[in-house]
Each structure stands twice: as C-alpha cells, then as structure tokens.
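Take a moment with the model before reading on. Then follow the paragraphs below, one topic after another.

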Amino acid sequence: MVEEFYESFFNLPGVKQYLFTKKDRDAIEHIYKVSAGLDSIVLGEDQILGQVRDAHEFSMQLGASKKKFNKLFREAITVSKDIKTKTKISQQPLSISYIGVRFLEEKLGNLEGKNALVIGIGKMSKLTMKHLEEGKVNTIYVSNRSHGKIKEIENDYKNIVPIQYNDRYKVLNDVDMVISATASPHIIIKADEMPKIERKIYMMDIALPRDIDPDINKLENVELYDIDDLKQIHDKNDQKRKELANIGLGMINESIDEFVEWLDSTNIDPTIESLNERCDEIREDTLDYIFRKINLDNREKKIIEKMMTSALKRLIREPIINLKQTKDKGKREEYMKMVEELFEI
C-alpha cells in the first residue's frame with residue numbers, strides 16, 4: 001500500500017492520518033475537481049491546473065502513466081479549461097488587494113494618471129502595487145518602517161518612489177489614494193498627526209489589526225474605508241463562484257459518465273489484442289508454408305503477404321466492431337466469450 005510506503009520510506013510514523021483514499025468514480029471525480037480548482041480553498045483558482053498537467057507529463061516521462069490514466073488526465077484537463085472558459089469562475093475576484101484597488105477605482109472614476117501611497121511591502125502590498133500598475137497609476141509612493149526593504153523590490157514595479165517612513169504624512173497632499181497593509185500591532189496613521197488635506201483623498205486600510213485611525217474619517221476631504229467595507233463585495237463574489245462551481249460540477253459529471261463508459265469498454269482490449277495476435281500467428285504459419293512450397297521472388301512474396309494480412313483483418317473486423325458497439329456489459333461479456341472460443345484465443 002502507498003500509505004505503508006510513505007510511512008516506512010520517509011520514516012514518518014502516523015502519516016496515515018493525513019492521507020485519504022478514494023476509489024472508483026469518487027477517485028475519477030477527485031481528479032476532475034482538483035484540476036478545475038473546485039476542490040481548492042479558493043474556488044476556481046488557476047495554478048492547480050498547471051500543476052496537474054506537469055504531474056501528468058512527469059508521470060508519462062517515467063512511464064508510470066499508461067492508456068487509462070492518460071485518458072483520465074487528458075479529459076480532466078480539457079474539461080477544466082472548458083469550465084474556466086464557459087463560467088469565467090477564476091475572474092470573480094476574491095483577493096482583498098484586488099477588490100480594494102477596484103473599489104478605489106470606482107470611487108475615483110479611474111486610476112490612470114492618479115498617484116498612490118502604499119504603506120508596507122508585505123504580500124498584500126505587493127499585490128496592491130501590481131493591481132495599481134495594471135490600472136496605469138502615475139506614481140506609487142512606497143513607505144515601510146524598514147526602508148532598506150523597498151530597495152529589494154524597486155526593480156519589480158514601475159513608477160515606484162520610495163519615501164522614508166517618517167515622511168509618510170508629507171506626501172498625503174500629493175496623492176489621490178492611500179492603501180495601508182502593514183503588520184504593525186498599532187495605528188500607524190493617526191488623526192491628530194494628519195496635515196490639512198487640500199483635496200479629496202481616499203484611504204483604504206486592509207491591515208489586521210487596523211493601520212489607520214478611524215477618526216480620520218471625520219476629517220475634511222478624507223474618506224476612509226477598511227476590510228469591513230470590502231467584505232460584502234468579497235462575499236458576493238464568493239457566492240457567485242459557488243454558483244459557477246455548480247455549473248462546473250455538471251460539466252464534470254457529464255464528462256465522467258463518458259469516461260466511465262469508455263473505461264468499462266476497455267475490458268475488450270485483451271480480446272482484441274488476442275485476436276490480432278492470433279491473426280499474426282496464422283499469417284506467419286501460412287506464409288512460411290507457402291514460401292517453402294513455392295519458389296517466389298521478393299516482389300511476389302510481398303504481394304501474397306499483403307493479401308494475407310488484408311484477408312485476416314477483414315475476418316476479425318466485424319467481431320471487433322460488434323465488441324466495441326455492444327454497450328450492455330452482460331451481452332458484451334457473452335460476445336467476448338463466444339469470440340474467444342470461436343478463434344481459440
């Protein structure tokens with residue numbers, strides 16, 4: 001068993017509690033759902049499809065994936081692509097960074113030519129800068145308590161202007177929006193330290209705990225939003241993904257039905273292979289007898305060999321077609337038995 005192998009090879013006693021087993025249709029469905037991102041924490045996420053494809057290609061290189069698995073993975077990958085194309089499930093944004101930037105874009109009318117201040121350079125801040133770039137923001141001022149870390153990412157983003165952490169208040173009248181996402185345990189933008197804001201500015205606090213003093217919302221020309229304001233959008237998009245996932249599950253079940261039918265029919269493969277082997281045996285014996293009895297040149301031998309091969313293929317053509325077209329499992333097994341007895345295979 002695979003479980004015992006993992007436990008002994010990697011010396012991981014107790015690893016079984018982290019493993020699960022699926023069989024038959026459940027196992028097939030699992031491959032489909034994983035490939036489509038319907039088994040992921042974030043429904044419809046894209047990266048897993050590439051990982052499944054890479055795993056299958058690697059298995060083929062090792063010779064570990066044969067006819068049935070190749071068919072299963074090809075169908076799962078194809079249906080996953082169809083689901084993403086038809087439902088566009090991956091395009092329902094769930095990232096707080098993405099939703100926050102789109103929220104600000106709606107407030108501002110557009111992002112093009114606008115200036116932004118991003119405080120923090122963690123994962124959420126980096127995603128925020130990426131989305132701001134996509135919106136063609138003019139300048140992105142970046143401030144972080146550890147100023148040296150900004151230098152590490154300066155070449156990864158366009159239009160970045162690093163500013164000292166202590167100067168974060170000084171640029172507020174030069175920007176249209178502020179997005180703060182630090183890991184600070186306390187408020188880093190305080191209402192009583194705010195300068196007089198001369199024009200409309202939108203501030204988005206996507207940190208937990210909060211980065212921006214809620215009292216700032218009382219100041220003139222300032223609108224402050226936080227994660228609670230984005231949660232409704234996130235939940236709405238999440239519900240939409242669940243609805244689209246149900247459409248995807250319908251497409252998966254339809255494909256699984258076809259695959260299971262194909263898989264069920266593969267039990268005729270040994271019979272067909274034996275029929276072909278029997279024909280090869282008859283052909284070789286017959287040709288050997290003819291060539292011993294009659295003196296023929298190479299051209300004549302090739303003609304006779306071609307005629308013999310064609311005749312034998314015609315002989316087994318109808319039985320093979322009937323085997324493939326018989327959908328009823330019981331009748332197919334009866335027909336297989338009859339063919340095997342008739343051709344002595």
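Are H2 and H8 oblique or roughly parallel to each other? First, some ground rules. This is a predicted model, in which local features need pLDDT of at least 70 and side-chain atom pairs count only at pLDDT 80 or more, while totals for chains, interfaces and linings use all residues. Residues are numbered from 1 along each chain as its sequence is written, and side-chain values use heavy atoms, with hydrogens and water left out.

Now the helices. Helices (H or I, at least four residues) and strands (E, at least two) are DSSP runs, numbered from the N terminus. Two packed helices are described by the angle between their axes and the distance between the axes. Axes are lines fitted to C-alpha atoms, for helices over the stretch in contact, and angles run from 0 to 180 degrees between N-to-C directions. Helix H2 (residues 24-36) and helix H8 (residues 227-265) have axes that come within 10 Å and cross at roughly 135 degrees. Angles under 35 degrees count as roughly parallel, over 145 as roughly antiparallel, 65 to 115 as roughly perpendicular and the rest as oblique. H2 and H8 are therefore oblique to each other. Contact means heavy atoms within 4.5 Å. Among the residues that meet are Tyr32 and Lys33 in H2, and Ile256 and Phe259 in H8.

H8 has another partner. The axes of helix H4 (residues 67-87) and H8 come within 10 Å and cross at roughly 155 degrees. H4 and H8 are therefore roughly antiparallel to each other. This crossing is right-handed. The contacts include Lys71 and Leu72 in H4, and Phe259 and Trp262 in H8. Look at Lys71 again: it lies over the face of Trp262, 5.4 Å from the ring centre. A charge sits over a ring if NZ of Lys or CZ of Arg is within 6 Å of the ring centre and within 35 degrees of the ring normal. Lys301 does this too, with its charged end over the ring of Phe291, 5.3 Å from the centre.

Next, rings that meet rings. Rings of Phe, Tyr and Trp (its six-membered ring) pair if their centres lie within 6.5 Å; planes under 30 degrees apart count as stacked, over 60 as edge-to-face and the rest as tilted. The structure holds eight aromatic pairs. One of them is Tyr6 with Phe10, stacked at 5.5 Å centre to centre with 25 degrees between the planes. Another joins Phe103 and Tyr225: their centres are 4.9 Å apart and their planes at 70 degrees, so the pair is edge-to-face. Phe103 sits in helix H5 (residues 96-108) and Tyr225 in strand E6 (residues 222-226), 122 residues apart, so this pair links distant parts of the chain.

Last, the backbone. Most residues other than glycine have a negative phi, and most peptide bonds are trans. Yet a cis peptide bond joins Leu208 and Pro209, with omega about 0 degrees. Pro209 is found in the loop between E5 and E6. Asn221 lies in the loop between E5 and E6, and its phi is positive, near 70 degrees.

Terms used. A crossing is left-handed if the near helix is turned anticlockwise from the far one by less than a right angle, and right-handed if clockwise.
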